[in-house]
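Colleague: I am new to this structure and would like a close look at a single part of it. Please keep the account plain.

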Amino acid sequence: MKNALNKPEILAPVGGSEQLLAAVRSGADAVYFGLQNFNARRNAENFAGEGLADTVAYCHIRGVKVYITINILVKDSELSDMKKAVDTAALAGADGIIVQDLAVARYIRSRWPGLPLFASTQLVCHNAEGVRELKKLGFSKFVLARELSLAEIRQVIERTGEAVEVFVHGAHCMSVSGACYMSAMIGGRSGNRGLCAQPCRLDWRLNGKEYALSLKDLSYVEHMKELAEIGVASFKIEGRMKRAEYVAAAVTACRRALEGETPDLDTLRSVFSRSGFTDGHLTGKRGPAMFGYRTKDDVVAAAGVFKSLQQLYEKEMPRVDVDMFLNVTRSENPTLTVTDGEHASSAEGAPAQEAVSHPLTEEAAFKSLSKTGGTPYRLRELGFYADEGLMLPVSQLNAMRRDALAGLNEQRAAIPDRSVSEEGIGPDLQAAALAVSSDGFQESVYPWRIRFETAAQLEDSTGTDGRIELTAEQAVILPLSVIEQDPSLISRYGDQLMAELPAMLWPGMGAKVLQSLKNLKRLGLARAYVDNIGAVEIARSAGLFIHGGFCLNLLNSVTVDEYRALGLTDSVLSMELSYANLRRLSPSMPVGTVVYGRMPLMKLRACPARGEKGCGSCDGHPVLSDRMGEQFPMLCRSRQYSEILNCVPQYTADKGLPANCFKLVYFTVETAAQCRAILKNCQEKSSPAFRRTAGLSQREIE
């Protein structure tokens, strides 16, 4: 089922006032920008609350929609200010809010129920299951992950019938957006908080390859007709930190491509690229050709096109068709009515004069009234009536045109009358009903969760009989694939076993995972551990208790409530949440924190270890090196995606853990002997001998 929208919108990035002018005058159908805080480009110029209504009015007069980004994770201490930001956007007449944090979504849903809610790509929505879950939370448009192919995008649209938004041009994050913690972990500047320092653009090395984590910019301009045909509702251009010339060039190229003209890709490449562009994800050709970095030649090429690109937005673009009706009689003052099809405005002039030699004709009136230069309007049709022998001076026609169009401006700029609810009175979620068997299984929390990468780590980690001796307080987490290979693990560990679903479930994978979970449930599996909102629907459909992982990015109490309403039993909190903030939470369900683990800093679908002919002899454990020579292990996830792990493990068992949470020990590349020793350290709260970091538990992210 294709989206009901007939014509996809071109959505342009706006970092400041000059970029806004460039976007609108170049032909964008919509723009998106942030306020001073709570947006994913906090270092852009952005827009203050004062004057925001005028900015929105400027766009609306020209038929351009305005979407405000409030798309970062929010701390409990910031919830009050977040609400003020939402109120500011709503009262200024914004056409929609782009959101990452579910706490923001709930406030909009309850306070401003008529304000459209769009799911940011930071929500890691990449399958139909994720779209459906977000739909329950009030979202009406979904910005899909950049990593999807054309066929996968089509599948999401066909299986949901929802409006989806796709990036068609701009910078390519190495990691799946919303699943990157590298900048936060290395420098305390979180991409999930709008302050990414772009460490992936530095010279990482892998098997002699330079800049191994730098992707070329994405460009799907040549594929826009295909994307339109499968029902994509919105074509999004990335670049709120870019110059106005870049915005103008990108919008112009997209508009021409949609109109069937040949876009100027050479100029687009010159204004900004990283050794060219890539469409590797869209075409499914994910290899070395996707990688590139900004060179001196790229910078020189940009300098040469800036001046010519400024011409694209020097003048107002007439983009709003209007019809006019001019009525000139002897009995009444002449009137001119202007309509855009929805609004109508009229202006009256002084009485008409008897013509001496040149009475007013329809042709002459059309010539004068069509001179709408300097305005966003263009005359389409003129309805004309004039008594014979009358004339109107050109100056009077011009004045009537100006007055009528000014009145039309006022109507088009009017802020929509939105209903407002007392917070909490608007529609809200009900907790999802779970059909979970109660065959001796408990919904209560296990104070300790121990996650293993392999069964060998688990079976050999403690004891002498080859089987881990779990206490009643411990649960064990294993990847679903491991349990599938050895279903006897279910009978050995019973209620204490959790199946970890893949964090990335590309379109088409969900049905297989669901069937596997149902099969394992019949063997006694009761619990699923999920790290993505799409996996929540799958686990719930299988009738399992749902336990959330740290990649759900739970940073505040309200978001915890939202996931509980979707059916979660408990969840690990975001690795970006400090212990100081953790202690201030008032969660509605049990929450946990990581006390040990080589934390996954990125999730990637374009693996830098992949060669021209594919994976070759790679063992699934390549190692990256940064400029300082630090080694970052990688893990291949069944050739569906890869993870980059931190160079040193996080260990906080000796840091005075908050009393209001359970503990997660997260093993990945450790040997069985190391697992055994580390578990002992954690349980004794002792200081280990190995090199470690406290991660973000002891410091505040910006």
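Which way do Trp448, Arg449, Ile450 and Arg451 point from strand β17, and are they buried or exposed?

Modeller: The model is a predicted one. Strand β17 covers residues 448–451. Trp448 and Ile450 point one way from the strand, while Arg449 and Arg451 point the other way.

The partners of β17 come next. Strand β29, residues 661–666, runs parallel to β17, and four bridges join the two.

For contrast, here is a pair of helices elsewhere in the chain. Helix α1 spans residues 17–26 and helix α2 spans residues 52–61. Their axes come within 11 Å and cross at roughly 15 degrees. Angles under 35 degrees count as roughly parallel, so α1 is roughly parallel to α2. The crossing of α1 past α2 is right-handed. On the α1 side, the contact is made by Leu20, Leu21, Val24 and Arg25. On the α2 side, Thr55, Tyr58 and Cys59 take part. Sorted by kind, the residues of this contact are five nonpolar, one polar and one charged.

Conventions. Residues are numbered from 1 along each chain as its sequence is written. This is a predicted model: local features need pLDDT of at least 70, side-chain atom pairs count only at pLDDT 80 or more; totals for chains, interfaces and linings use all residues. Side-chain values use heavy atoms; hydrogens and water are left out. Axes are lines fitted to C-alpha atoms, for helices over the stretch in contact, and angles run from 0 to 180 degrees between N-to-C directions. Angles under 35 degrees count as roughly parallel, over 145 as roughly antiparallel, 65 to 115 as roughly perpendicular and the rest as oblique. A crossing is left-handed if the near helix is turned anticlockwise from the far one by less than a right angle, and right-handed if clockwise. Contact means heavy atoms within 4.5 Å. Ala, Val, Leu, Ile, Met, Phe, Trp, Tyr, Cys and Pro count as nonpolar, Asp, Glu, Lys and Arg as charged, and the others, Gly among them, as polar. Buried means under 20% relative accessible area, exposed over 50%, partly exposed in between (1.4 Å probe, protein chains only). Two strands pair if DSSP finds at least two bridges between them.
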